[in-house]
Every structure is written in C-alpha cells, then in structure tokens.
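Me: I would like to learn how to read aromatic contacts and helices in a model. Please take it feature by feature.

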Amino acid sequence: MDSSHLTDLLHSLSAQAEFINSSLLKWVLRLVMVGLGLSLTAADFKRVFVYPKAVSLGLLAQIFGQPLLGFGLALLFGVPPVIAIGLVILSACPSGVTSNAYTFASRADVPLCITLSALTSISTVFTIPFFINLGLRRFEIGGALPPLPASRMLLELIGFTIVPLAIGMIVRASFPAFAERTVEPIRKSVFYLMIFVFVLGGVASYESILAHFAAAGALVVTMNVLSMAAGYGLARLFRLPTAQVVTLTFEVGVHNLALALTVIYTMLKRPDLAATVLLYAVVMPATALAFVAFAKRLIAEEERRTVAAQRVA
C-alpha cells in the first residue's frame with residue numbers, strides 16, 4: 001500500500017471515528033450524569049452548610065480558578081490555537097465521577113466529593129459557554145469557528161448534564177434499592193465506554209495529536225500537576241482535615257473528560273481541538289494514582305495521631 005492510499009485510509013477512518021464519537025459521546029455523558037444522580041440524595045446538598053469552607057474552596061477553584069489557570073498556561077506556553085482552545089475547554093469542565101473513584105480509593109471524604117461533583121456539574125453549565133467563547137475570541141483558529149451563541153450552548157449543556165442528573169436523583173428518591181443496584185454497573189459501563197471513546201478520539205484527531213504532540217504534552221503535564229497542587233495547597237492553607245485535603249486535590253485536579261470531549265465533538269464539531277484533552281487523558285491517571293498512594297499514607301498517619309491523642313487523653 002503506497003503512502004497516498006494509506007493517507008486516504010487514515011482520513012476515512014478519522015472521519016468515521018469522528019462521526020461515531022459525535023453521536024456516542026453525548027449519550028456517554030448523559031449516562032455519567034445519570035450515574036451521579038443515582039448516588040445523590042437531598043442530604044448531599046446539605047453538606048454545603050456542614051462543610052462550608054471545603055465546599056466554597058472547591059467551587060471557586062473549579063469554576064473560576066481552573067479556567068484562569070488554563071488561559072494563563074496557554075498564553076505562557078505560546079501553543080498553537082487548537083491546543084490553547086482545547087486546554088481552555090478542558091479547564092472549564094469541572095470534576096466528574098472519575099474524581100469520586102480516586103477519592104474512594106484514597107479513603108478520603110467521598111460524601112464531600114460527591115457533593116462538589118454535583119454542584120460543579122450544575123453551576124459550570126452557566127460558566128462553560130462564557131469561557132469557551134472567550135477562548136474562541138482570544139485564540140483564533142482556522143476553519144471559521146466564530147463564538148457560539150451562549151444561550152444555545154447553555155441549553156445543550158443543560159440537556160447533557162442537569163436533566164440526566166435530575167432523572168438519576170428522581171429514580172434514587174423513588175426506587176432507592178434499584179438505584180443502589182444500578183450505580184455500580186453504570187460506573188463499569190462508563191469506564192469501558194470511555195476507553196472506546198478515547199481510542200476513537202485518537203483516530204479522529206490523529207493529525208492534530210501528531211502535529212502538536214510535544215507542545216501539548218508539556219502543556220497538559222503542567223496543567224495537571226499545577227491543578228492538583230492548587231487543590232492540595234488551598235486545602236492545606238485553610239487548614240482542612242487531611243481527608244478533605246485529598247478530596248479537594250482530586251476535585252480540582254481531575255477534569256471531566258466526557259464533558260470536554262462532548263463539547264468538542266458534539267457542540268463545536270472540531271476533532272482537532274481534542275488533542276489536548278486526549279493527551280490529558282493519558283497523563284492524568286498516572287499523577288492521580290501516584291497521589292492515591294501518597295494520600296493513603298497521609299490519611300493513615302492522621303488516623304494514627306488521632307488514636308494516639310485519644311489514648312493520652
């Protein structure tokens with residue numbers, strides 16, 4: 001097979017992968033949000049008043065701090081516009097169910113994590129259109145992609161996130177036993193579906209990934225490390241318990257890949273913007289799992305100190 005035939009085949013595969021992803025991702029995201037809703041009760045939202053400091057820090061860091069960090073790094077690194085806008089989209093998408101899994105594995109504050117995931121999923125529906133349009137105005141890309149109507153993006157995001165989240169919560173309230181049985185199968189299904197999505201995304205965006213691998217790779221590593229460090233540092237600065245420190249590290253540092261890719265493939269229809277997100281999907285698990293090991297030691301150490309102090313008392 002000569003190079004021209006190989007190129008044609010790759011382009012054909014890329015187009016097919018883009019079509020499948022644009023059709024599949026919105027349903028994967030809805031499934032993610034239904035799963036999150038099935039794990040939520042009204043009591044989860046009351047934690048805003050139980051842990052006001054932790055919830056406030058988590059919300060501010062994700063809703064405003066992360067997009068600002070994304071813009072700052074994109075400007076500092078001077079990357080091509082397609083990579084810069086990809087980072088802006090990624091940074092504007094808050095934590096999702098992935099952060100819940102890492103928090104659980106670390107034996108940290110899972111209820112706080114679930115509360116923050118729910119609140120950010122709802123609130124960032126209103127901020128994501130603003131930051132994406134700001135990115136499109138600041139970083140001009142080829143292919144004539146003008147700023148999109150915020151109202152249209154808002155309605156689509158509500159359909160992708162808030163509506164299925166509400167459906168999951170209604171099912172949980174009406175059929176709690178069914179919800180308990182269903183959550184874990186949904187999580188497993190989402191895990192395998194996301195792997196499939198990442199593979200398709202790599203095929204659909206292979207040209208952009210190959211063209212910008214070095215620049216985007218350094219950028220996403222920096223974004224990932226600084227995001228997790230920001231969550232950890234803020235929590236330590238405000239003297240939160242260690243379990244909440246770990247939770248905020250994951251909540252701030254782990255972004256919602258399903259939401260970011262849905263925005264790119266379904267709303268913007270620009271697979272070339274996905275290179276940043278797909279490379280982040282490779283980098284993030286390594287840093288997150290490394291922090292899980294560190295976090296377990298931190299939490300175990302605090303538990304030992306607490307037990308020792310109780311014995312002395």
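Me: How many aromatic pairs does the count come to?

Reply: A pair of aromatic rings is described by the distance of the centres and the angle of the planes. Rings of Phe, Tyr and Trp (its six-membered ring) pair if their centres lie within 6.5 Å; planes under 30 degrees apart are stacked, over 60 edge-to-face, and the rest tilted. By this rule there are 6 aromatic pairs. One of them joins Phe130 and Phe131, edge-to-face, at 5.2 Å centre to centre with 70 degrees between the planes. This is a predicted model, in which local features need pLDDT of at least 70 and side-chain atom pairs count only at pLDDT 80 or more, while totals for chains, interfaces and linings use all residues. Residues are numbered from 1 along each chain as its sequence is written, and side-chain values use heavy atoms, with hydrogens and water left out.

Me: Why is the pair of Phe250 and Phe291 edge-to-face?

Reply: Their ring centres are 5.4 Å apart and their planes stand at 75 degrees, so the pair is edge-to-face. Phe250 belongs to helix 10 (residues 242–253) and Phe291 to helix 12 (residues 275–312), so this pair ties together parts 41 residues apart in sequence. Helices here are DSSP runs (H or I, at least four residues), and strands are runs of E of at least two, numbered from the N terminus.

Me: Are Phe250 and Phe291 buried or exposed?

Reply: Buried means under 20% relative accessible area, exposed over 50%, and partly exposed in between (1.4 Å probe, protein chains only). Phe250 is buried at 0%, and Phe291 is buried at 12%. Both residues also belong to one aromatic cluster with Tyr102, Tyr232 and Phe294.

Me: Which charged end sits over the ring of Trp27?

Reply: A charge sits over a ring if NZ of Lys or CZ of Arg is within 6 Å of the ring centre and within 35 degrees of the ring normal. For Trp27 it is the charged end of Arg30, 4.3 Å from the ring centre. Arg138 is placed over the ring of Phe139 in this sense, 5.3 Å from its centre.

Me: How many helices and strands does the protein chain have?

Reply: The protein chain has 12 helices and 0 strands. Of its 313 residues, 50% are buried.

Me: Where is the kink in helix 7 centred?

Reply: The bend at a residue is the angle between axes fitted to the seven residues ending there and the seven starting there. In helix 7 the kink is about 40 degrees and is centred on Ile158. Buried residues of helix 7 include Leu157, Phe160 and Pro164.
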